[in-house]
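I opened this notebook to record what I looked up in the structure, beginning with the overall make-up and ending with local details.

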Amino acid sequence: MATQVIMPQLGESVVEGTVSRWLKREGETVQAFEPLLEVSTDKVDTEVPAAASGVVLKIIVREGQTVERGTLLAWIGEPGEVTDDHAPPVRGHGDHHAADTPIPAAVSQMTAPQAAYTGHVTPVVARMAAQHQLDLAQIAGSGRDGRVTKKDVEAYLAAQGQPAARTPSAYAADLPPWERPGSGDLFKSTLEDQTPDEMTAHASPNQRVHPVEPIPQVSEGELVALTPMRRAIADHMVTSRRTSPHVTTVFEIDMTAALHHRATHRAAFSQQGVNLTLTAYFVMAAVDGLRAVPALNARWTDDGIYLLRPIHIGMAVALDHGLIVPVIKHAGDLNLLGTARTVNDLAARARTKALKPDEVQGGTFSITNHGVSGSLFATPIINQPQVGIMGVGMMEKRVKVIDDMIAIRPCAYVSLTFDHRVIDGAAGDSFLLSVKNRLENWT
Amino acid sequence: MTSITLIEALRQAMDEEMARDPRVFITGEDVGKRGGVFRATQGLYDKYGASRVIDSPLAELSIVAVGIGAALAELRPICEIQFADFIHPAFNQIVNEAAKLYYRSNGQWRVPLVIRAPYGGGVSGALYHSQSVEAFFAHVPGLKIVIPSTPYDAKGLLKSAVRDPNPVLFFEPKRGYRSIKGEVPDDTEYTVPIGPARIAREGRDVSVFAYGMMAHAAAAAAETVSRTDGLDVEVIDLRTLLPIDKTAVLSSVEKTGRALIVYEDNRTMGYGAEIAAIIAEDGFELLDAPVRRLAGPDVPAVPFAPHMQEYFMLNANKIVTAIRDLAAY
């Protein structure tokens, strides 16, 4: 049976489209969902995928023609199949009507009758087939997808000269009084009126009427159970994206000064038992940014923006099967040594799962160092109820133009993703400018 | 035969029953001097006096409680709840007392009580003047529930309700109070029995089950698809929701093999679910298509904004679409 290709509705108010190009010619083979033609409207240009696999039997609307949505464009089917170009087009899903507009006559017979139906059989058809010992494959179906309907069976029986036996109505029979309308006696015992005959009156041999083809399902693969951490991350991410309108802004930062500072102080820190990592520099720079834009160290409430006095910075640490965000408490009160010591301690204990519950709570802002896995910049999701998250990309040497000379500088993209309910783009850029100024002028 | 409005049919029924039986009396908010907010009892206060048309306090629990007490004392109360939306304070009286007394007293006490309440949306009444409450009570054995859709049925069924020895909840589609007109016999003794459904339109292709305003919308939809699609749709106006006329339901499905149940209330656990269950249980071998429900969306209330109310409410066009879809299965 051939399948219709219909001009789709390409937008809420778009009622027509122009066939700009056919990607398949008549007689060519096409796979379901493969692009079949290009359609343009005053709003969009798009490809229309094939509704079915088969051969392009006939192209009805030529390139350059503009037609209303719902118009029959072409037929796809088996080679040599005959098409009925006057068949009314099948309605698309997007085709709905306002309540007060008249609805034109629809198509009650969606497909042409066909023989050898192999699909679902409704109870009444099964019963009639059993009663009259019919082979349903011999009956042309007029229902959806060629399903054999009760009327088809009745028509078949009439054509065979066998009138459909009228089963006497079983429902006007002996109903118990509380189900007999109008008796007014609602409270009779339910037991005494039941007879075994009634229970078995309709039982018929379990005759198999027609084999039903199983519906093929994709089942290759395996199911990975959700860990509690996976589930918690999923919940947090979905909640956050639903709660805050996320906006991300990105600055590129020249890390020369910070790297120089680290190189000159590394040994001294090491003597105090602290490995001086760049993360400590980013945490301190973020503190500067938060002081410049206090609304980023805050919480949205319906009554107003609640500015938080202490600065507690969460630091995302990747684990084997997830991530955890330990919190550097009172980050604003720490110097570089204290920051580096805390960062190292929290990260080490995060990886050995030795964090205490309150060490992963109470953050007022977060940093994620996605650059460690090679990412240049990213658009992280805000850790609710915080207002922002800073992302640090991979540091690499880049060619920069400085004072009209080409220089090689270690650079990193640093992003800020913020809740646009609380601050606007300019404030987000002020934050990153503070971060940049601090890192590029570290002394 | 005279053509009158739905509200006039109800008023006549009460007038005639009060004239026939001195035990019949009316109580409710504003039913007396004001004649009811919808004027259902207009003129009855002047005709029968303050002792038989009694203005109540603004307390639905007490309206029904007074009715139950009076019914136990051999009177025939008609209690009016001004809007079905306000029946909930009386839920305990209806469900725990009125519905159970006959059973609880082993048949020694009867509660011949009628509770009238306008129900349903589409009247720009918003949250508290649009609700459909029939499903709450249809779950309760011991109650009868009637929802008429025509003046003929409204008058005949209300008279039967007054004469019935059981508690009857009589829900009136207020949207049709003045918009629905129809012929009513001049004979004051005609009644319509509580129980049987009405075949509003005979057909062979699809059965549509509805009540109240939806019976009218379904009939209009049936006319449309008859004209445009050549579909022959049977419309059953259930009109008594409890007890359920299973015979009518199953006989119609036996004829058509396809059932669409339309109710204005929100979908989940609505009255139509029970009709669908009856068809699935007792009519399985009759079915040529899945049983379908068309109902209001599962939101807390009928919205006030006109376009939102339009979205919530069913209408003939929505029913037409559902009929076509079911007929094409």
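I took helices (H or I, at least four residues) and strands (E, at least two) as DSSP runs, numbered from the N terminus. On that basis I found eight helices and 18 strands in chain A.

I noted that this is a predicted model, in which local features need pLDDT of at least 70 and side-chain atom pairs count only at pLDDT 80 or more, while totals for chains, interfaces and linings use all residues. Residues are numbered from 1 along each chain as its sequence is written, and chains are lettered from A and ligands numbered from 1 in the order in which they are written.

Next I traced an open, antiparallel sheet of four strands in chain A, with the order 1-8-6-3, where two strands pair if DSSP finds at least two bridges between them. Its edges are strand 1 (3-6) and strand 3 (29-30), each pairing on one side only. Strand 1 of chain A runs antiparallel to strand 8 (residues 72-77) over four bridges, and there Thr3(A) has Ile76(A) as its bridge partner.

Last, I checked helix 1 (residues 123-132) of chain A, whose buried residues are Val124(A), Val125(A), Arg127(A), Met128(A) and Ala129(A). These buried residues pack against helix 2 (150-159) of chain A, and just after helix 1 I found Gln133(A) with a positive phi of about 50 degrees.

Methods:
Buried ≥ 20, exposed ≤ 12 C-beta atoms within 10 Å, placed from the backbone. Contact = placed C-beta atoms within 7 Å.
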